[in-house]
Amino acid sequence: MLTDILTILFVGGLLCWLIPGWSRWIATLAVGLDLVLAISRWWPSAHTAMTGKWIVEEQYAWMPSMGASIHLAVDGFSLLMIVLTLLIGLLGVWISWHDQAIAEKRGFFHFHLLWLIGGITGVFMAMDLLLFYFFWELMLIPMFFLISIWGGEQRKKASIKFFLFTQLSGLFMLIAILALYILHGQQTGQYSFDYAVLLGTSLSPSLAGWLLAGFLLAFLVKLPAFPFHSWLPDAYTQSPIAGAALLAGLMSKTAAYGMLRFALPLFPQAVHAFAPWMIALGVIGILYGAKLAYAQTDLKRLIAFSSFSHMGFIVLGIFSLQELAYDGVILEMVAHAISISGLFFLVGMLRQRIQQTNLDAMGGFWEYMPRMGGIAMVFVLASLGLPGLGNFIAEFLILAGAYQAHVGWTVLASLGLIAGMIYSLVILQKVFHGKTRQALPGADIKPLEFLVMACLVVVIFWLGFFPQRVVQAVDPVVKQLKQISLQELPAQQAHQVFAQSSISTNI
Amino acid sequence: MWHQQVIPALFPQIILSVAAVVCMLLIAVKRNHAVVHLFTLLSLLLALGSLGRIPGVMGVDGLFVVDGLGVFMTGLILITAFFIGIFSYPYFSQSVLEREEYYILLLLATLGASLMVISNHFISFFLSLEILSVSLYGMIAYTKTSTVATEAGVKYLMLAAVSSAILLFGIGLMYVATGQLGLSGIGRQAVYTPTSGWFTAGLGLVLAGLGFKLALVPFHLWTPDVYSGAPAPTSAFVATISKGSVFVFLWRLFDSIGRDERMVIIFVVIAVASMLIGNWLALKQQNLKRLLAYSSIAHLGYLIVAFVAAGDRGLDAAIFYLVAYFISMLGAFGLISYLTESGKEKLLLQDYTGLFWQRPALAILLSLIMLSLAGIPLTAGFIGKFYVLLAGVYSAQWLLVMVLILSSVIGLFYYLRVVVQLFSRPDHAVYFPRSPYAISTGMAFLVLFILLIWLGIAPGNLITQIQQVVHLARG
């Protein structure tokens with residue numbers, strides 16, 4: 001079933017390219033079919049707590065002489081992320097159905113979109129480290145083309161910058177993977193990239209610190225976390241809407257997923273040494289991102305920086321190494337993906353109407369688009385963490401978990417909630433309230449757009465009221481991660497790692 | 001030892017020699033471009049077909065050794081020459097000059113290269129090198145009405161002659177120190193006289209000579225001029241076959257004399273310099289052929305990383321890397337030849353603006369080639385880079401590994417610049433010619449395209465194949 005999902009996406013993408021006239025329908029069909037496939041596996045098992053390790057597992061030979069195989073597997077966590085990817089992918093196809101910006105070479109656009117979705121889905125499935133890296137990089141190529149062909153004015157610069165940042169950081173992860181592979185091979189004689197095989201590799205603390213640094217570099221850049229975010233505003237604002245939603249909503253989540261799935265379980269002891277530094281980065285990211293978001297005059301940039309600020313919560317949650325916080329992080333991954341996609345879709349709809357995204361050109365739109373304003377309010381409120389919507393539960397759990405680990409940083413992080421409230425309300429105020437800048441009769445939301453936004457609204461309410469469904473689905477993963485946080489080090493050893501890691505993080 | 005089995009082992013080289021003579025006779029009888037072209041392709045195929053019946057490692061009078069490595073590389077060279085032959089036809093059809101002799105030179109150069117990869121002796125190496133180089137002088141300056149081509153030819157002639165002289169001097173000194181010219185003999189003697197001044201000086205000179213042929217920093221200055229001045233099919237030859245075959249000899253040489261500490265340091269310095277300087281200088285290039293020239297300097301630097309890593313892993317990595325690099329470079333220069341319009345090559349990057357909107361298939365192939373050169377997944381180049389990195393990490397060459405990563409990101413920048421150029425919307429109407437000889441070239445592009453993707457996704461077969469070759473090479 002996992003290979004089917006990938007095959008449908010990749011073949012669907014090729015078909016879109018070959019039959020450009022029908023590309024929207026083909027894309028809808030391919031992603032929709034996959035969504036049905038994925039949900040069909042998830043739905044029955046979501047009600048019962050999942051005990052087995054993997055729900056579905058598939059393995060094929062790839063490079064047998066190297067010990068690399070096509071090993072795909074999903075548990076509740078990955079399946080959740082896959083369903084999310086496909087959902088947002090599908091809505092992305094629909095929201096850009098009439099988008100003039102991509103009218104040229106539309107088939108090629110959908111080809112890239114489907115391959116992007118395929119790459120992201122692959123990341124969530126891969127259980128072989130080389131395959132993981134392969135999909136990790138595979139995501140970049142379609143994203144690069146989406147930005148550089150259908151992007152905004154600054155698309156060349158934005159696409160190259162995006163590619164360079166993520167590629168460089170990814171290469172450090174590749175080195176870490178190779179080193180781990182060789183070390184494990186030298187210790188046991190078994191050369192393999194398989195996740196399950198490499199999981200128990202015993203490493204000296206300093207070496208583990210270096211390898212973890214390699215992985216984290218890739219993840220922190222992709223997330224992005226402070227101070228690796230300089231590619232973010234360009235890439236987010238220049239990419240076409242469906243691309244931006246996937247970039248902010250899901251590609252960033254692949255980094256969080258990578259940390260939870262690979263970085264923490266592979267280097268449990270080194271993680272403890274890194275945690276204080278990472279928490280600091282997370283909290284700085286929350287506050288700095290919020291400040292930057294508030295200072296923007298462009299709606300798309302504002303939303304981009306708000307996303308950056310929210311990523312700080314994810315870093316904070318992951319590295320507080322608490323069970324509650326893990327639940328919170330996973331909920332945040334889902335809730336943020338939904339709310340940020342909603343906001344980007346909103347920007348897309350506005351841009352189709354007024355041909356720009358500058359906040360100064362907006363104002364008083366409520367008069368002409370009351371329904372869109374109402375929907376916008378839902379996402380703005382979700383983004384600022386109103387109880388009853390998904391993000392609230394997530395951020396609350398993260399802060400509650402982090403509080404057990406580091407009181408001081410958590411207090412600072414909670415200030416981020418207030419800052420978030422300010423910049424989120426600015427969106428609503430500047431776009432929909434205030435003086436009317438231009439008359440836009442008949443510009444209210446169209447049926448297809450309404451359908452897209454309604455889907456997202458339903459999901460975000462569902463998350464707010466029934467977070468337990470998600471928490472249950474990811475329970476085995478959280479339990480496994482909890483084991484890691486219990487593995488404390490002897491004090492002296494920890495000190496060594498600490499000294500080492502402080503060097504590594506400075507690279 | 002000279003016995004019956006030697007002849008079949010040398011069939012490809014024999015066929016190439018005969019083909020060159022027959023080709024000359026064909027031209028003497030009647031000039032016909034198509035006939036000569038087809039004959040060349042057929043004889044290359046015939047030589048390729050005569051490979052593969054080799055019973056194992058076979059020495060030929062201490063001059064040659066036909067082992068797995070040699071056979072594999074001969075095959076690679078023949079296939080590459082075949083592609084270059086295909087690309088040459090539309091390219092030279094537009095030229096008003098006598099075009100037929102080009103194919104004699106192509107066959108001879110291929111003969112030289114295929115002899116070099118089985119050379120096991122300085123004499124056989126030097127002779128094959130001269131066959132290769134002298135044919136290349138002609139191939140580079142072949143469009144003799146073009147001043148840049150002539151200039152490139154003369155430059156190559158001067159530098160190749162000087163580097164040959166340096167090489168010869170080095171060989172002489174090594175002979176003084178060891179009394180041997182065969183690689184295995186030198187290897188035996190090198191154990192006893194590791195620190196002899198003559199030997200070291202000789203080795204240094206040989207290294208400089210080989211460095212010239214491989215265009216490694218600091219012996220790289222000729223590369224951009226020659227690449228951009230030469231006809232595109234010739235540039236492809238210089239970038240691929242000529243370098244690959246010298247690299248194999250370099251490998252054989254150091255396999256027999258051993259890589260001692262000092263040598264490793266020298267190679268580390270050369271590799272670091274080539275990777276960084278090659279990529280750095282490519283950054284500012286506006287000329288696609290010069291860009292490829294600098295990029296090839298960097299790629300040879302990556303190969304030297306595998307060379308320093310040594311061992312079976314290093315050799316596996318180097319061979320795979322060569323295959324990926326050959327495919328990419330062939331495709332790139334093939335495209336340049338194909339888009340040549342009435343003898344005028346499209347050199348500048350801006351000439352390629354908007355290629356995607358006119359000829360999407362070509363633009364996608366060129367993008368894929370650029371991504372492969374940059375080592376991005378889905379392409380053969382990625383597996384190649386991955387393999388080299390693996391070899392580097394395995395032998396704990398951290399400096400090289402880190403420089404490789406940094407420089408490949410520098411490299412990525414200019415490869416992406418090319419890609420972005422292809423996809424940007426042109427300001428004015430652009431026109432890309434449709435060559436009348438598109439079928440064979442189109443097929444060749446298709447094959448390269450499939451190979452690039454295939455080796456990028458499922459390299460398992462080739463890797464296994466190469467590993468077997470390496471084992472055969474070690475007896």
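Predicted model: local features only at pLDDT ≥ 70, side-chain atom pairs only at ≥ 80, totals over all residues.
Residues count from 1 along each chain as its sequence is written, chains are lettered from A and ligands numbered from 1 in written order. Local features need pLDDT of at least 70 and side-chain atom pairs pLDDT 80 or more, while totals for chains, interfaces and linings use all residues.

**View 1. Chain A has 21 helices and two strands.** Both are DSSP runs numbered from the N terminus: helices are H or I, at least four residues; strands are E, at least two. The C-alpha trace spans about 70 × 55 × 45 Å along its principal axes. Of the 507 residues of chain A, 59% are buried (20 or more other C-beta atoms within 10 Å of their own, C-beta atoms being placed from the backbone).

**View 2. The largest nonpolar core has 396 residues.** Such a core joins buried Ala, Val, Leu, Ile, Met, Phe, Trp, Tyr and Cys residues through C-beta atoms within 7 Å. Ile175(A), Leu212(A), Val334(A) and Tyr321(B) have the most contacts inside it. Helix 14 (residues 311-338) of chain B gives the most to this core, 19 residues.

**View 3. Leu212(A) and its contacts.** Beyond neighbours within four places in sequence, Leu212(A) is in contact with Ala263(A), Phe267(A), Ala270(A), Val271(A) and Phe274(A). Contact means C-beta atoms, placed from the backbone, within 7 Å.

**View 4. Chain B meets chain A with 22 residues, chain A with 26.** Helix 17 (380-394), helix 18 (398-423) and helix 20 (460-473) of chain B each supply at least two residues to the chain B side. Helix 18 of chain B gives the most, eight residues.

Note on methods:
Contact = placed C-beta atoms within 7 Å. Buried ≥ 20, exposed ≤ 12 C-beta atoms within 10 Å, placed from the backbone.
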